[in-house]
Amino acid sequence: MEGLRSEFTNLISKTGKIQVLFQVDKVDESLLSQGKKIALYRICQELLNNMIKHSQATEIQITLRFKDDAVELIIQDNGQGFDVNEINKSEGLGWRNNRSRVEILNGYFKIESSKGLGTSITVKIPNHD
C-alpha cells in the first residue's frame with residue numbers, strides 16, 4: 001500500500017491547495033489478494049479525485065486499517081460538503097463504479113456529508129474470500 005500513499009501524496013501536492021494526511025494502521029498486506037489491493041487503490045483514486053475537483057477542501061485525511069477481519073478505508077475532507085441524496089440522482093459513473101467495486105467484494109460503502117461540514121466516506125471490505 002506504500003504505492004497508494006506516494007501516488008496520492010504526489011497528486012495532491014501538484015494542486016498546492018490541499019494538505020493530505022495519509023495514515024496506514026495495522027495493515028498486513030499479505031492478507032489482501034491482489035484484486036482487493038487494486039480495487040482499494042481504484043476506489044481511493046476516484047474518491048480523492050472527486051474531493052480535489054468538488055469539495056473545496058484544504059485538508060483530506062486518508063486512513064487505511066484492518067478492523068474485525070476487514071480492511072477499512074476512510075477518506076474525510078473539511079470541504080463544503082453536499083447533499084448525499086443528490087448522489088442517487090447523479091449521472092456520474094464514478095459513484096456507481098465505486099459502489100460496484102465494493103459490492104463485488106461483498107463490502108460496505110457509506111457516505112456521510114452535510115453542506116458546509118465536509119464529507120466522510122467509509123469503505124469496508126472483508127479480508128477473507
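How many residues does the largest nonpolar core have, and which have the most contacts inside it? This core has 27 residues, and those with the most contacts inside it are Ile62, Leu73, Ile75, Phe109, Ile121 and Val123. A nonpolar core is a set of buried Ala, Val, Leu, Ile, Met, Phe, Trp, Tyr and Cys residues joined through side-chain atoms within 4.5 Å. The model is predicted, with pLDDT of at least 70 needed for local features and 80 or more for side-chain atom pairs, while totals for chains, interfaces and linings use all residues. Residues are numbered from 1 along each chain as its sequence is written, and side-chain values use heavy atoms, without hydrogens and water.

**The strands**
- β3 is largely enclosed by the rest of the structure, because seven of its eight residues are buried (under 20% relative accessible area with a 1.4 Å probe, protein chains only; exposed is over 50%, partly exposed in between).
- β2 and β3 pair antiparallel over eight bridges (pairing needs at least two DSSP bridges), and Ile62 stands opposite Ile75 in β3.
- β3 and β5 also run antiparallel, joined by eight bridges, with Asp77 opposite Thr119 in β5.

**Two loop residues**
- Gln56, in the loop between α2 and β2, is not a glycine but has a positive phi of about 60 degrees.
- Asn106 lies in the loop between α4 and β4 and is exposed at 64% relative accessibility.

Technical notes. Helix = DSSP H or I, 4+ residues; strand = E, 2+ residues; numbered from the N terminus.
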